[in-house]
Amino acid sequence: MMNYLEYKGYIGTVILSPQDRSFFGSIFGINDLVTFEAADFDSLEEEFHKAVDDYLETCENLGRQPEKAFKGQFNVRIDPALHKELAYRAVRDNCSLNQYVENALRKAVEKEEDR
């Protein structure tokens with residue numbers, strides 16, 4: 001079961017509001033606030049698509065680049081001893097620290113998917 005929608009590279013979170021008997025959501029991972037809502041799932045998906053299209057059109061009209069939720073960069077704070085160990089292993093494997101960490105994360109995700 002998924003609790004999100006995807007469209008044009010954007011992810012929309014989905015929340016059920018039992019009190020209002022409706023669904024609502026927003027585009028995840030961007031600084032701009034873009035929301036959508038509907039009474040049923042099919043309408044919610046349609047409203048999400050409209051929200052993304054409207055966001056892209058608004059950015060174009062304002063002459064600015066729309067944000068992308070995932071640019072492939074993130075900062076992680078770790079223990080300095082672990083940082084040192086990872087750097088040594090990257091050198092040993094003849095790759096950059098970024099590539100070493102990416103490989104480790106990919107292996108962790110693949111292992112999780114195999115469960």
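Helices here are DSSP runs of H or I with at least four residues, strands are E runs of at least two, and both are numbered from the N terminus.

You are viewing a predicted model, where local features need pLDDT of at least 70, side-chain atom pairs count only at pLDDT 80 or more, and totals for chains, interfaces and linings use all residues. Residues are numbered from 1 along each chain as its sequence is written, and side-chain values use heavy atoms, leaving out hydrogens and water.

Step back to α2 itself, residues 80–92. Its 13 residues reach 18 Å from first C-alpha to last, close to the 18 Å expected at 1.5 Å a residue. (The expected span is 1.5 Å times one less than the number of residues.)

Now select D79. It caps the N-terminal end of α2, with a side-chain oxygen 2.8 Å from the backbone nitrogen of A81.

Next, the sheet. Three strands form an open sheet in the order β3-β4-β5, with antiparallel pairing. Strands pair if DSSP finds at least two bridges between them. β3 (15–17) and β5 are at the edges with a single partner strand each, so one side of each has no neighbour in the sheet. β3 and β4 (residues 22–26) pair over 3 bridges. Select I15 and find F24 of β4 opposite.

Finish at F48. Leaving aside neighbours within four places in sequence, F48 is in contact (heavy atoms within 4.5 Å) with residues including L5, Y10, I27 and F36.

Definitions and conventions:
Polar contact = N/O pair within 3.5 Å; in protein donor to acceptor, adjacent residues only side chain to side chain.
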